[in-house]
Amino acid sequence: MPSILFVCLGNICRSPLAEAALRAEAERLRLDLIVDSAGTGNWHVGHPPDPRAQAVARKYGIDISGYQGRQVKPADFRRFTHVIALDHDNLADLRRIAPRDDEGGAVAELSLLLDHVPGREGQAVTDPYFGDDAGFEVTWAEVTAGARGLIQRLVRA
């Protein structure tokens, strides 16, 4: 069964929204997936998602208030089949954190979320944290497109 971990910096905006979008798409298509999210930083461990992220998810019928921030761990690279970064800085951090072959190696395939959206390959998901509510709408649209593209890829595999 595919298992996907979405990773951003703090795990309170983009990655929980990506987790929610993928869960919703998988449920709509009746697919079994394991989905989680984490941050490369530890500032928000144990905290719920940003209230603006909760509001945009709720607008689309999804409750993420029970999600809790956590920090990515080397073991995640063996636990998940896909570790998906929301931007280039976090992708670079994930490459640094991933276990080396002499440490048991990583199983997970690394990518950017928008690599799974035709025409958006190599692009980062918009970080809405320092902006207004409209930025969360943009992020929701991007993570939803990424979730749909990722599901299509997983179904074809």
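Predicted model: local features only at pLDDT ≥ 70, side-chain atom pairs only at ≥ 80, totals over all residues.
Modeller: Quick definition before we start: a salt bridge is a side-chain nitrogen of Lys or Arg within 4 Å of a carboxyl oxygen of Asp or Glu. Arg-14, Asp-87 and Asp-127 are linked in a network of these.

Colleague: How many salt bridges does the structure hold?

Modeller: Twelve. One of them joins Asp-76 and Arg-70, at 3.0 Å from N to O.

Colleague: Is Asp-76 buried or exposed?

Modeller: Buried, at 4% relative accessible area; the word means under 20%, while exposed is over 50% and partly exposed is in between (1.4 Å probe, protein chains only). Arg-70 is buried too, at 16%.

Colleague: New topic: how many aromatic pairs?

Modeller: Two. Rings of Phe, Tyr and Trp (its six-membered ring) pair if their centres lie within 6.5 Å; planes under 30 degrees apart are stacked, over 60 edge-to-face, and the rest tilted. Tyr-60 and Trp-140 are stacked, 5.5 Å centre to centre with 15° between the planes.

Colleague: And the Tyr-129 pair, which residue is the partner?

Modeller: Phe-130, in an edge-to-face pair with 4.8 Å between centres and 85° between planes. Phe-130 is exposed, at 77%, whereas Tyr-129 is partly exposed, at 32%.

Notes
Residues numbered from 1 in each chain as written. Heavy atoms only, no water.
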